[in-house]
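Dear colleague,

Please find below the sequence and the structure that I am handing over to you. A summary of what was found follows them.

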Amino acid sequence: MLPIMELRQLRYFIAAAEEGNISRAAKKMFLTQPALSRQIKALEEEIGQCLLERQAHSMRLTSVGEALLREARELLQHSEQVLERVRAAGRGLRLRVGYAPSLAAGLLSGAVESFTQKHPSTGVELFDLSTGEMLTGLESGKLDVVLTVGQERAGHGLKWTPLVRAPFRLAVSRNHPFARRQRVTPAEVAREPLLVFCPRDYPEYRDTLTGWLREHGQRPRITGEYDGVDSLMAAVESGLGVAIVATRQGRLVPEHVRLKALHPAPPPLCIAAGYRADRAEDKPLACVH
């Protein structure tokens with residue numbers, strides 16, 4: 001029978017590899033230096049290969065060590081996910097939902113109410129997150145489902161169920177000349193100071209709008225970036241510029257802001273529910289289906 005590596009040995013090895021120094025790694029793992037060295041030596045003997053090449057004041061990974069580091073990280077991440085699922089089973093079923101408030105307005109509350117009525121024994125936890133944080137949460141197993149802009153990029157191992165498609169509108173102050181217009185062209189938008197969502201938190205938003213303007217031979221004159229719909233709308237209301245928003249965000253439009261049609265219009269924003277394809281049969285997600 002093949003020997004079985006212990007998870008703690010892998011944790012010690014990862015610490016040593018990341019620190020590049022046995023003394024620092026031992027301190028990080030609350031071990032003595034000889035104790036950590038013995039654990040790594042035992043791991044090397046079990047594998048039958050040298051993992052670390054020791055030097056006077058440092059060390060470096062061998063090719064076998066580099067391969068083990070990649071696999072060990074994945075294995076430990078998976079083991080943590082399994083442990084969390086077992087703990088969750090003991091607490092009862094939980095559905096952990098990530099969402100963007102500006103997109104989920106008027107959509108999330110009704111969906112949660114309907115879900116809890118059908119599945120009263122399953123609790124729902126809600127997390128207000130950026131798009132990047134939601135994707136990371138799905139991939140790490142910390143979230144079960146997210147409500148955001150549907151992603152078409154490959155390589156994430158995610159599935160998306162479209163929920164609604166929201167047209168874009170131009171938000172302007174009630175005192176702006178466009179407030180008396182029925183529709184606005186891309187060329188006219190490009191001449192205005194444009195206020196946008198922060199690309200770090202909403203990358204797909206920036207790509208959609210710049211792509212639409214570029215398609216019509218225009219470049220945006222971006223003068224402000226905002227981390228949420230409330231701050232963006234406040235800036236528009238104050239006359240700092242105009243903003244392009246999805247109509248679902250119209251529910252959050254202040255009294256003194258007007259929404260105007262764009263012509264030709266950008267492609268509508270697809271708001272979707274996303275989850276990991278390899279977890280489609282998990283009980284909380286089965287409830288969603």
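**Nonpolar cores**

Setting aside residues up to four places away in sequence, L262 touches F168, R169, L170, V184, V189, W212 and I244. Please note that the model is a predicted one. L262 also belongs to the largest nonpolar core, which has 55 residues. Together with F168, L170, V189, Y205 and I244, L262 is among the members that touch the most others in that core. There is also a second, separate core of 21 residues, and I14, A15, L36 and L69 are included in it.

**Helix α9**

Helix α9 covers residues 203-215. The buried residues of α9 are E204, Y205, R206, L209, T210, W212 and L213. Of these, W212 is in contact with L262, and Y205 is a member of the largest nonpolar core. After α9 comes G217, with a positive phi near 70°.

**Helices α1 and α3**

Two packed helices are described by the angle between their axes and the distance between the axes. For α1 (residues 7-19) and α3 (residues 33-47), the axes come within 9 Å and cross at roughly 110°. The two helices are therefore roughly perpendicular to each other, and their crossing is left-handed. On the α1 side, R8, Q9, L10, Y12, F13 and A16 take part in the contact; they meet L36, Q39, I40, A42, L43 and E46 of α3. L36 is also part of the second core.

Yours sincerely

Conventions. Residues numbered from 1 in each chain as written. Predicted model: local features only at pLDDT ≥ 70, side-chain atom pairs only at ≥ 80, totals over all residues. Heavy atoms only, no water. Helix = DSSP H or I, 4+ residues; strand = E, 2+ residues; numbered from the N terminus. Expected span 1.5 Å × (residues − 1). Buried < 20%, exposed > 50% of the residue type's maximum accessible area, 1.4 Å probe, protein only. Core = buried A, V, L, I, M, F, W, Y, C linked by side-chain atoms within 4.5 Å. Contact = heavy atoms within 4.5 Å. Axes fitted to C-alpha atoms, helices over the stretch in contact; angles between N-to-C directions. Parallel < 35°, antiparallel > 145°, perpendicular 65-115°, else oblique. Left-handed = near helix turned anticlockwise from the far one by under 90°.
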